[in-house]
Amino acid sequence: MKLAKLFAALASTGFASFCHAQATNTVSDDVVKIGVLTDMSGVYSAGAGKGSVTSVQMAVQDFGGKVLGKPVEVLSADHLNKADTGASKAREWFDIGKVDMVIDLANSAVAVAVQKMGAEKKRVTISTAGGTVALTQQECSPYGVSYAYDTYALATAAANALVKEGGNNWFFLTADYNFGHTLEKDARAIVEKLGGKVVGSVKHPLNASDFSSFMVTAQTAKPDVMVFANAGADFSNAVRSAREFGLVKNGKPTIAGMVVLITEVKALGLEAAQGVNYTDPFYWDYDKETRDWSQRFYKLNNTMPTFAHAANYSATMQYLKAIEAAGTDNPDAVMKQLRATKFKDFFLRNAHLREDGRMIRDMYLAEIKKPSESKSEWDLVKIKRVIPGEEAFMPLAQSTCPLVKK
């Protein structure tokens, strides 16, 4: 009886509330571990790779190196653009390394495989560089976030604009794996819905070395718009091939890129890349906030950041803020906090996290400048239009994600 009275007295003084706060203010294993799983050596390495690791490290340092009084550690690995390699590394990190969150996931096949592993192990995965809509559709996860972009947003915004500008006949040069196939599928749907016509399509292998035969096929089709539904070095090599082959004459056909990185534009040069239209989640020179962060990144990497680099910083910072707000690194609590947050930083504008894992945020319709328009080394792109997130991304009503309530 006396013991019961003692507990009652303690409760009345707030001791019970204090104990509850202490119990929830926890970090498992006394450390928060973030794993950057990216392409360090392949076709996407310039747009992600070491720069992604740098961005995550910048965010951790800016946050103070600790969260809830516990240290934050950053690990990194090369997934070699192989889904099985990515999944195996994620499993090792989750089971042995006690990694709390995996980020980047350049290459859509890798992103899907790792998100599945995260769902199985109940760990947070944030795809900043992998963009397949499968991440928020049939493969959605309560612990998975598609943070920066997806193939639907990239394809539909550019297609919408170019059809309205008179691009009636379209030809697709498409990377022959899920990422490219999805880009073409989504763009085709918009083109045909708006009255345009697809006059041809060819598939190329990942990291193709020769695009000349594809250019011959495209030239025969006489399209108004030539779409490169690929990314990384494949996009750059396709643009070079198109220019060298003389595919573009008097500004026709218009070249539309689906995934275009600022590093690729710089490497290509404006003479070759000028006039390419594309949808972008981020441009370093958009406003003062983007410029200030990008200049910091430049000092560390000697290159301006791609959208993946910026997204990795933003996502890491928002993840750590969610842990702090939730009082724990428990993945369920962290995901609940993220879904309850309205986001605004130099990368995210008008943003919120949907139940399917899709980060809804503003996107941008961009065009690569002519050489005469550029005023400095990295002055390469002009933003033609801000695309609100609700317009850019697939409506939730069309979702096939099992987590979405119908």
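Because the model is predicted, local features need pLDDT of at least 70 and side-chain atom pairs count only at pLDDT 80 or more, whereas totals for chains, interfaces and linings use all residues. Residues are numbered from 1 along each chain as its sequence is written, and side-chain values use heavy atoms, with hydrogens and water left out.

Asp-39 is located in the loop between β1 (32-38) and α3 (49-63); helices (H or I, at least four residues) and strands (E, at least two) are DSSP runs, numbered from the N terminus. The residue Asp-39 is buried but has no salt bridge. Buried denotes under 20% relative accessible area, exposed over 50%, and partly exposed the range in between (1.4 Å probe, protein chains only). A salt bridge requires a side-chain nitrogen of Lys or Arg within 4 Å of a carboxyl oxygen of Asp or Glu. For Asp-39, the nearest side chain of opposite charge is that of Lys-82, 11 Å away; Lys and Arg count as positive and Asp and Glu as negative, while His and the chain ends are not counted. The side chain of Asp-39 instead reaches the backbone nitrogen of Tyr-44 at 2.7 Å and that of Val-43 at 3.2 Å. With residues up to four places away in sequence not counted, Asp-39 touches Tyr-44, Ser-45, Gly-49, Asp-78, His-79, Asn-81 and Ala-106, contact meaning heavy atoms within 4.5 Å.

The structure contains 1 disulfide, defined as a pair of cysteine sulfur atoms within 2.5 Å. The sulfur atoms of Cys-140 and Cys-401 are 2.0 Å apart, and the link is right-handed, with 85° about the S-S bond. Cys-140 is buried at 14% relative accessibility, as is Cys-401 at 3%.

In the whole structure, 14 aromatic pairs were found. Rings of Phe, Tyr and Trp (its six-membered ring) pair if their centres lie within 6.5 Å; planes under 30 degrees apart count as stacked, over 60 as edge-to-face and the rest as tilted. Phe-282 and Phe-346 form an edge-to-face pair, 5.9 Å centre to centre with 85° between the planes. Phe-282 lies in the loop between β11 (277-280) and α12 (288-301), and Phe-346 in the loop between β12 (342-343) and β13 (351-353), so this pair joins parts 64 residues apart in sequence. Phe-282 is buried at 4% and Phe-346 at 9% relative accessibility. Ring pairs connect Tyr-147, Phe-282, Trp-293, Phe-297, Tyr-313, Phe-346 and Phe-347 into a cluster.

A total of 23 salt bridges is present. Lys-121 and Asp-95 form one of these (3.1 Å, N to O); Lys-121 belongs to helix α5 (residues 108-121) and Asp-95 to helix α4 (residues 83-97), so the pair ties together parts that are 26 residues apart in sequence. Both residues belong to a network of salt bridges that links Arg-91, Asp-95, Glu-120 and Lys-121. A salt bridge is also formed by Arg-188 and Glu-184 (2.8 Å, N to O), which are 4 residues apart in helix α7 (residues 178-193) and thus separated by about one helical turn. Arg-188 is partly exposed at 26%, whereas Glu-184 is buried at 5% relative accessibility.

Conventions. Polar contact = N/O pair within 3.5 Å; in protein donor to acceptor, adjacent residues only side chain to side chain.
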